[in-house]
Amino acid sequence: MTRVKVFAPAKVNLALHVTGQREDGYHFLDTLVGFASVGDWVTLDTDQKRGLTITGPEGAALDPAAPNLVLQTAMEFWGKGNGPLSLVLSKHLPVSSGIGGGSADAAATFRGMLWLMDRMGMPLPMDADLAKRLLQLGADVPMCVSCEPLRARGIGERREFLPAMARLPVVLVNPRVEVATKMVFKSLTKKDNSEIGRLPSDLADVGLLVSFLAKQRNDLQGPAIAAAPVIATVLKVLSETQGCTMARMSGSGATCFGIYDTAEASAVAAEKIAKDHQRWWVKAALLDGQDRAAPEQIS
């Protein structure tokens with residue numbers, strides 16, 4: 001039991017309100033997050049030499065020699081005394097696309113290491129500083145560890161898990177443009193916006209949940225569109241497909257999502273968009289990443 005494969009689901013910001021800014025530049029957020037059935041994969045192997053290999057349809061966009069959150073996570077939590085650890089990142093999510101790919105990869109690596117440590121009788125890194133150590137890797141990493149739907153506030157350190165939230169059918173679309181997160185935040189003219197507010201009483205009620213989401217915002221959407229106007233085109237395309245109940249950008253962009261009445265409607269919409277816009281990255285999915293997060297033993 002030395003080899004394990006872990007799914008790293010895309011993180012979708014269903015709503016993202018910027019509510020303030022700290023003196024050190026970090027922004028305060030109030031965001032509602034779901035995790036999708038599409039994502040990357042991380043394979044961990046203790047029988048091979050140390051190192052990281054990057055594969056997958058989106059892998060060419062990453063430089064194996066550049067800093068990588070998968071390696072940083074391994075260096076942080078897998079001590080040299082634990083022996084070799086080989087890592088393979090199979091990249092399926094576009095890079096720098098506002099759906100937490102790097103953070104999801106780091107979280108999947110962490111889950112895989114915990115699985116290996118437990119089965120190999122190693123001490124688990126469950127000290128009092130664990131949350132802080134994960135947060136230092138990236139503000140989104142702690143929320144990606146469990147892959148549970150959640151509401152996150154502050155800089156992501158205040159998390160309220162929402163396991164009963166409906167597993168919504170969505171279509172994710174990235175127009176193959178990168179939007180610099182720092183630039184988007186810097187372009188915000190107002191940084192003390194209102195919070196999301198009180199959540200619906202029944203998050204499993206799809207109609208109630210979608211109605212609530214439609215009244216919320218992504219405060220980064222406007223600055224992102226100013227930097228990459230094609231985002232507005234993506235939102236329009238999504239909104240005009242049959243069965244789409246709302247469309248919004250995720251994170252700092254440029255990936256956008258549409259929420260659909262049914263999984264069948266989302267599949268049809270994704271097929272149409274992919275046919276009409278062949279250069280775009282288009283995927284139909286369910287927000288059920290929590291059901292897919294458990295590491296899978298290979299050998």
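Helices here are DSSP runs of H or I with at least four residues, strands are runs of E with at least two, and both are numbered from the N terminus. By that count, the protein chain has nine helices and eleven strands.

What you're looking at is a predicted model, where local features need pLDDT of at least 70, side-chain atom pairs count only at pLDDT 80 or more, and totals for chains, interfaces and linings use all residues. Residues are numbered from 1 along each chain as its sequence is written, and side-chain values use heavy atoms, leaving out hydrogens and water.

Now for the overall picture. Of the 299 residues, 54% count as buried; buried means under 20% relative accessible area, exposed over 50%, and partly exposed in between (1.4 Å probe, protein chains only). The C-alpha atoms fill a box of roughly 55 × 45 × 35 Å along the principal axes.

On to the salt bridges, where a side-chain nitrogen of Lys or Arg sits within 4 Å of a carboxyl oxygen of Asp or Glu. The whole structure has 16 of them, including these:

| Salt bridge | N to O distance |
|---|---|
| Lys190 and Asp192 | 3.2 Å |
| Lys272 and Asp276 | 2.7 Å |
| Arg292 and Asp288 | 3.0 Å |

Lys272 and Asp276 both belong to helix H9 (residues 263–276), and they're four residues apart, about one turn of the helix. Asp276 is partly exposed, because its relative accessibility is 45%.
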